[in-house]
Amino acid sequence: MNTFRSNTLLDVKNIRKSFGDIPVLDGVNIELRRNEFVSLLGVSGSGKSTLFNIISGLLEPDEGKIFIEGADYTGKTGRVSYMYQKDLLLPWKKIIDNVSLPLVVRGESKKAAREKVAGYFKTFGLEGFEYKYPFQLSGGMRQRAALLRTWLFSRDIMLLDEPFGSLDAITKFKMQEWLTNVLSSIEASVLLITHDIEEAVFLSDRIYIMSDRPATIKEEIKINLARPRSRDIVTTGEFNAYKKHIYGLLL
Amino acid sequence: MKKLANTGNKLLPWALFIVLTSFWQLVSETDEFIGRLLPSPVDIITTFFRELPVIIPHGVVTLNEALTGFGASIVLALLLAVMMDAFEPLYKALYPLILVSQTVPLIALAPLFLLWFGFGQLPKILIVMLMCFFPVLVSLLDGFKSVDSDLLNLMRSMGAGRVAIFRIVKFPGAMMSFFSGVRIAATYSIMGAVISEWVGGSRGLGVYMIKVKNSFAYDKMFAAILLVVALSMAMFKLTDVVQNMAMPWYRLQQRNTGE
Ligand SMILES: Nc1ncnc2c1ncn2[C@@H]1O[C@H](COP(=O)(O)OP(=O)(O)OP(=O)(O)O)[C@@H](O)[C@H]1O
Ligand SMILES: [Mg+2]
């Protein structure tokens, strides 16, 4: 019992949610352990973002509970960090101030926040962009800044909702590699939503496959690929076997 | 190549302006009757500088009314917009009324205002306020509403309260829209003051215009119009300067995409 508690950071228990008379989530169970990378794969409209809204406390479930380190966080905001497909950087703030946002929301001064966040720019490959405005950065760089902001808010539980969904294929590819590198040098537990099977297999320790609406978890797949992972693994037989299996489940 | 096209674009309106005023000059000079009703550009400029000592004190009065009314309307619009954004019922109740009220011909109200508030500067300032208030208020409200709802959700997910969300996201996010409203108000402000002076009063450009019109001194009339245009453009420019100071990132972005 105790070992289970200390291992499970986030416990999503039997979540149900309907909008009007349309059931969207039909008893979803998910777990996230410390420093784990877990993906949620499901087709469009299956209720993935709805689930994230519930985990982040923005939305109340009709039934079920969200536990974080054993405590009930159902309907409570401010505990987990949430990153959207859009970078949602404030165009009027320099990158360093955008990244400082979570600290400022917690009541720190702009100056103190800047001092605290400046040290992480290097790790996130954003060195030299501190005093630029968002429009001066490429889409990929903006997503890096958004990810740093997300991580600074809550490094232990990060919800990433298709963070690379709006990037072109090449940039997306580079960002996935970049993300595995960054995550190997920082502490973070990540729950990722994606449509992209290859992205899920490449990045994850575990993958949950969601069914069509109303969504349940169809299957949980453990990805036993050694880390650190490089791009080369996507052509290995092991990798392709995972892909093939998941395609079978989704189609 | 592109740069050349750019300078071309800037020169084009000037070229047209010169062509039109030359034509005007020609027409006014060739026919004496037309010349009396429509003084030539050269006459207007000469009169303008000759009359300057007379016009300027009137201009100061008008500018004073315009600036006071403009400033007061911005302050009031800001206060009301913030309140309406904070209280949804207030917004729902007032917004339709505000839109309808914009169709009221304010000029028709000017004589009443004079009756109610006397012949001093107060009724003029009130007219200017009425004219400037609505564009600023509506642009602010629309600005608040147009802020990306995902951005608001992101702030909420961070545990930010309503005040913090307003201060960090909504208010700065509405600046763009706000300034477009202020720019409209700026151009209205001088006009509003002049029009309210037409109705009655002892000083101001509007009063001066009525006086010279009654003595058939059309060149002086045009000299006054010239000053009205100059003052309106100055108000417009002032708004731009303030906007550039308030939104340095925007100017940078404009400059970048303009190249
Ligand atoms: N606030 C809401 N009110 C009513 N219906 C909603 C609301 N939010 C989501 N829905 C509906 O719930 C379903 C699931 O939406 P959701 O955004 O969670 O899907 P998703 O899996 O994230 O899809 P995508 O992959 O396209 O982002 C959709 O049919 C959507 O129309
Ligand atoms: Mg979604």
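In this predicted model, 16 residues of domain 1 of chain A are in contact with 11 residues of domain 2 of chain A. The domain assignment places residues 1-80 together with 156-251 in domain 1, and residues 87-153 in domain 2. Taken over C-alpha atoms, the centres of these two domains of chain A are 25 Å apart.

The size of an interface is often given as the accessible area lost when the parts come together. Between domain 1 and domain 2 of chain A, the buried area is about 1200 Å², and carbon and sulfur atoms give 76% of it. On the side of domain 1, the residues that lose the most area to domain 2 are A:M158, A:W178 and A:I186, which together account for 41% of what that side buries.

Attention may now turn to the ligand. The residues around ligand 1 include the run A:S44, A:G45, A:S46, A:G47, A:K48, A:S49 and A:T50. Helix α2 of chain A, residues 48-55, gives the most to the shell, with 3 residues.

A polar backbone atom of A:G45 is 2.8 Å from an oxygen atom of the ligand, and a polar backbone atom of A:S46 is 3.2 Å from one. From A:S49 it is a polar side-chain atom that lies 2.7 Å from a ligand oxygen atom. Taken alone, ligand 1 exposes 640 Å², and the protein buries 57% of that area.

Technical notes:
Residues are numbered from 1 along each chain as its sequence is written. Chains are lettered from A and ligands numbered from 1 in the order in which they are written. This is a predicted model: local features need pLDDT of at least 70, side-chain atom pairs count only at pLDDT 80 or more; totals for chains, interfaces and linings use all residues. Side-chain values use heavy atoms; hydrogens and water are left out. A residue is near a molecule or strand if one of its heavy atoms lies within 4 Å of it. A polar contact is a pair of N or O atoms within 3.5 Å; within protein, one must be able to donate a hydrogen and the other to accept it, and residues adjacent in sequence count only if both atoms are side-chain atoms. Accessible areas come from the Shrake-Rupley method with a 1.4 Å probe; for residues, only the protein chains shown count as cover. Helices (H or I, at least four residues) and strands (E, at least two) are DSSP runs, numbered from the N terminus. Domain bounds come from an automatic or database domain assignment. Contact means heavy atoms within 4.5 Å. Buried area is the accessible area (1.4 Å probe) that two parts lose on being put together, summed over both.
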